[in-house]
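Please read the notes below with the model open beside you.

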Amino acid sequence: MDYFLGLDCSTQSLTGILIDFNQKKSLYTYVINFDKELPQYNTQNGVYISDGGKTVHSNPLMWIEALDMLLNKFVLANIPLEQIKAISGSGQQHGTVYLNKSFASILKKLDPDKTLVDQLTNVFTRNTNPVWMDSSTNKECEEIRNELGGMESTIKITGSDAFERFSGPQIRKFFKQNYDDYLKTSVIHLVSSFLSSLLLGKNSPIDHSDGAGMNLMNIATKQWDQKALDATAPDLMLKLPALTSSYDVIGKISPYFVERYNFSPDTILIPWSGDNPNSLIGIGLTKKGRAAISLGTSDTYFTYLERLNLDLSGEGHIFGAPTGEYMGLLCYKNGSLAREKIKNRFDLTWNKFSQILKNTPPGNYGKIMLPYFFPEVVPLVLIPEVYRFGFSEDDLEGNVRAVIEAQFLSMRLHSEWIREEPEEIYATGGASTNKEIVQIAADIFNTNIRQFEVTDSAALGAALRSSKSYYDSTNKNIDWTELVNQYLEMQKSIVIKPNKNYTELYNHMLNLYKKCETFVLKNGENPEPYRKRFIKKYFEK
Ligand code: XUL
């Protein structure tokens, strides 16, 4: 039996998917929800929010404890972990973990009779660590960007402008504010490479895909960029793990997991990567012409890119693709948590929420929301505020439709630089199973959208990546596209087609949305006359 395990440490949970290569499908999925199953850490949606929403941290001990708990679930279900040939994983991107010099020595001699959390309590130089939702480093972004010669030059070097949540600006803030602790830090990991280190029993390298989300790696050479490192913090090179290709074999599983969970000592490890690069594989984007939307805690829009195609406007990102090429990505912080804000405000169930979407008209009678419940990345909004045009906070139906239309109008508006008019967009993430939400996305993008049975595409992608590297290492090479297509074909999927009656309406609404955005964020002209014309044209017949 050729089993492969993919793990995914996301914002709110840790998921494990075990796939059977011969049957080309996933057999078992287990999840640890941080808030529910580890309540002692007191997180809300997996994080701690402070400073008016700007500072968002999580707790690395919680992730460690979740790993032991998750593997216990597999053991209790009598799943033959010894049949697993290879493991890889996925982590929420950009978050950094700060470790002292005892980390490596403790990992080397982990006692299988004790839990990980009992042995790793004292390895951190920071008890909580910033994650991708943090936007407290505007000043540091400016400093790094200036040092690198401005926005365009920062993008050309690192693949993205300096972004608040990216690791480099976060590391710079730590160095500036906690200099002594920075000095005590001997290694700074990403969430992905930190968890990869636990399985490996030593410091794991960072893979090129997730490494690209740091503002520290040179996007063309895929090496640490000395200029970017110098712009960030002193002696940073000494604190960063090595970089490696996402498909390299990095070693065998640590004896701790062999003895405690009965993994085979021959289980090979592939570096963990970011959740979006893993999803790229899990949802089958291994060649040109396919695009995906991921509707999770963050909403993202991404495509596979054959070659570097930078977004010099500064809103998007280029990361490595786990296949070795590139991916383009847009990230929205106001994803599922913004949808939940409206759902909870009116005490709705998801069924009721969907029913409202079904019963309200596309165009929403000209009611437009700019849904910045939390600081936003695209467009950049540091101080959260929700703007409503033509309706109030108490308008139940107006708010439900407006938040969903806003999310996809913004995505269409800002993704033009990577959108090569894909024939079909693949949807993944929790909300991708909601037919009404996806219908609105299809109408706004005027493109077929395919929903899949497996929505944990990051964990699935990690498992698929590990199978590819395992067979490559045994000289039984498999083509990426063949591999991912086989898994996609085994899943049930449904295509949601755009309703062509609304194409023109949404083209107009896109312009209206843009005018509202420009009005609020860039002091543009008042959109009211345009909004009135929109209402007249579509709702006052
Ligand atoms: C991507 C990003 C988010 C996180 C969520 O740039 O910040 O999608 O990876 O886990």
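Which elements each supply at least two residues of the shell around the ligand? They are α13 (275-282) and β18 (326-332); helices (H or I, at least four residues) and strands (E, at least two) are DSSP runs, numbered from the N terminus.

1. Basis. This is a predicted model, in which local features need pLDDT of at least 70, side-chain atom pairs count only at pLDDT 80 or more, and totals for chains, interfaces and linings use all residues. Residues are numbered from 1 along each chain as its sequence is written, and side-chain values use heavy atoms, with hydrogens and water left out.

2. Shell. Around the ligand are Gln92, Gln93, His94, Trp132, Arg165, Asp275, Asn276, Ser298, Thr300, Phe319, Leu329 and Cys331 (a residue is near a molecule if one of its heavy atoms lies within 4 Å of it). Domain 1 (3-271) and domain 2 (283-541) both contribute to this shell, so the ligand lies between them; the domain bounds come from an automatic or database domain assignment.

3. Polar contacts. These are pairs of N or O atoms within 3.5 Å. One oxygen atom of the ligand is 2.8 Å from a side-chain N or O atom of serine 298. For the side chain of asparagine 276, the distance from an N or O atom to a ligand oxygen is 3.0 Å. Glutamine 93 uses a backbone N or O atom, 3.1 Å from an oxygen atom of the ligand. The protein buries 98% of the 290 Å² that the ligand exposes when taken alone (accessible areas by the Shrake-Rupley method with a 1.4 Å probe).

4. Cis peptide. Valine 378 and proline 379 are joined by a cis peptide bond, with omega about -10 degrees. Proline 379 is in the loop between β19 (368-372) and β20 (385-389).

5. Positive phi. Asparagine 42, a residue other than glycine, has a positive phi near 55 degrees. Its place is the loop between α1 (34-37) and β4 (48-50).

Note on methods. A polar contact is a pair of N or O atoms within 3.5 Å; within protein, one must be able to donate a hydrogen and the other to accept it, and residues adjacent in sequence count only if both atoms are side-chain atoms.
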